[in-house]
Amino acid sequence: MYNSYYYYFNEIWYIPLLQLIELVDPIHHQSRPATNSTEEPKMGAIWTLIELILIFVSIAGIGLASAIVFETFRRRFNRAHVVAPPVFEDPNSLNQVPCPHIFNPSEKYLSLIVPAYNEEVRLPGALDETLNYLQQRAAKDNSFSYEIIIIDDGSADGTKRVAFDFVKRYTVDNVRVILLGRNHGKGEAIRKGMLHARGELLLMLDADGATKVDDLEKLENQILAVARKERQVGDSVASDSTLKISTIPIAAFGSRAHLEEKALATRKWYRNFLMKGFHLVVLLACGSGIRDTQCGFKMFTRAAARKLFTNIRLKRWCFDVELVYLCKLFRIPMLEISVTWSEIPGSKVNLLSIPNMLWELAIMSLGYRTGIWKIYS
């Protein structure tokens with residue numbers, strides 16, 4: 001057994017690496033004048049170190065590739081996600097409220113999905129602004145109905161308490177909370193909210209309130225315009241009263257691309273580095289189409305959300321890229337619409353996010369391009 005391992009290492013790794021070293025610097029492998037006895041041990045030690053480094057890099061590369069393949073296979077049936085409890089709890093009556101599913105008919109016009117991880121400080125202001133807008137709109141339009149779903153992604157602070165305070169104030173019919181127990185990632189939190197929403201239109205937005213909530217009308221109007229074109233018959237267009245928006249798959253992506261020049265001048269250097277590098281990797285992974293994939297302000301029709309969020313596998317930062325990729329696979333129309341955005345202190349994106357982003361993009365590319373990840377329509 002030992003001899004077979006020695007043979008494998010010697011033939012497969014060591015000898016090719018020595019040949020590579022000779023190609024890189026053949027001078028050291030040619031006959032040369034004799035050197036003094038003190039130089040030879042030094043040069044031998046240096047080349048031994050280089051050989052060890054090359055062996056280590058090669059083994060690490062093979063290990064990383066194997067890990068990517070293993071993780072890709074592990075997620076191939078889309079079973080790695082959290083199983084949500086099938087109920088919501090009304091904190092006023094302590095009664096359990098049946099939990100709807102994305103395959104059920106819509107019961108509200110608009111669902112707002114808010115992922116929250118340690119957002120005790122920023123969440124109240126964002127929810128107050130959002131609910132003020134929704135209540136004013138509902139007062140003007142009797143047909144307008146809404147719900148907010150807050151997904152607590154395993155927060156360690158008072159996020160859960162803050163969220164349930166809003167349920168008590170606005171009732172469980174308008175504000176609902178899903179608890180994931182432990183942290184799974186923003187992508188998983190949004191997926192869970194989408195799968196249990198009741199709206200014809202489903203909007204995901206960040207808990208920090210970085211995007212003005214009334215900008216949702218920009219996305220909504222563009223979706224309605226595309227839906228009318230989809231349902232156009234001859235020269236006549238379906239009226240808003242007969243148009244069933246929930247049945248037409250459309251996705252609208254809020255975008256900060258128009259703010260890029262200003263952002264480069266004012267944003268921290270590492271965020272610019274992340275942005276530029278990530279854009280390049282995204283372009284290689286899923287092609288062109290959406291300039292700003294990472295804006296946390298996106299709207300989907302119920303039909304689009306049903307296809308996308310029953311297939312999505314990435315749980316953290318790169319799930320936005322997977323959404324773009326899946327939209328292309330399903331031929332779902334994608335709209336990119338400029339929104340008002342401001343940077344809010346407390347962002348959770350940092351330099352440590354880079355390895356995780358690259359890891360998820362590698363898994364996604366391998367999964368879809370090789371057919372390991374099946375698409376469920």
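**Exercise 1.** Which unit do S4, helix H4 and S5 make?

*Solution.* Start with the ground rules: this is a predicted model, where local features need pLDDT of at least 70, side-chain atom pairs count only at pLDDT 80 or more, and totals for chains, interfaces and linings use all residues. Residues are numbered from 1 along each chain as its sequence is written, and side-chain values use heavy atoms, with hydrogens and water left out.

Next, find the pieces. Helices (H or I, at least four residues) and strands (E, at least two) are DSSP runs, numbered from the N terminus. H4 covers residues 159–170, and together with S4 and S5 it makes a right-handed β-α-β unit. Right-handed means that, with the strands pointing away from you, the path from the first strand over the helix to the second runs clockwise. S3, helix H3 (residues 123–140) and S4 make a right-handed β-α-β unit too.

**Exercise 2.** Find the strands that pair with S4, and say in which sense they run.

*Solution.* Two strands pair if DSSP finds at least two bridges between them. Take S3 (residues 108–116): it pairs with S4 in the parallel sense over 7 bridges, and Ser111 stands opposite Glu147. Now go to S5 (residues 175–179), which runs parallel to S4 and is joined to it by 5 bridges; here Ile148 has Val175 as its bridge partner.

Then zoom out: the open sheet has 7 strands in the order S5-S4-S3-S6-S8-S7-S9, with mixed pairing. S5 and S9 (334–338) are at the edges with a single partner strand each, so one side of each has no neighbour in the sheet.

**Exercise 3.** Is strand S4 buried or exposed?

*Solution.* Use the cut-offs: buried is under 20% relative accessible area, exposed over 50%, partly exposed in between (1.4 Å probe, protein chains only). Now count: 7 of the 7 residues of S4 (residues 146–152) are buried, so the strand is largely enclosed by the rest of the structure.

Look at the directions next. In a regular strand, side chains alternate between the two faces of the sheet. Tyr146, Ile148, Ile150 and Asp152 point one way, Glu147, Ile149 and Ile151 the other, and all are buried.

**Exercise 4.** Work out where to be careful with the model.

*Solution.* Check pLDDT, the predictor's confidence in each residue, from 0 to 100. The protein chain averages 80, and 74% of the residues score at least 70.
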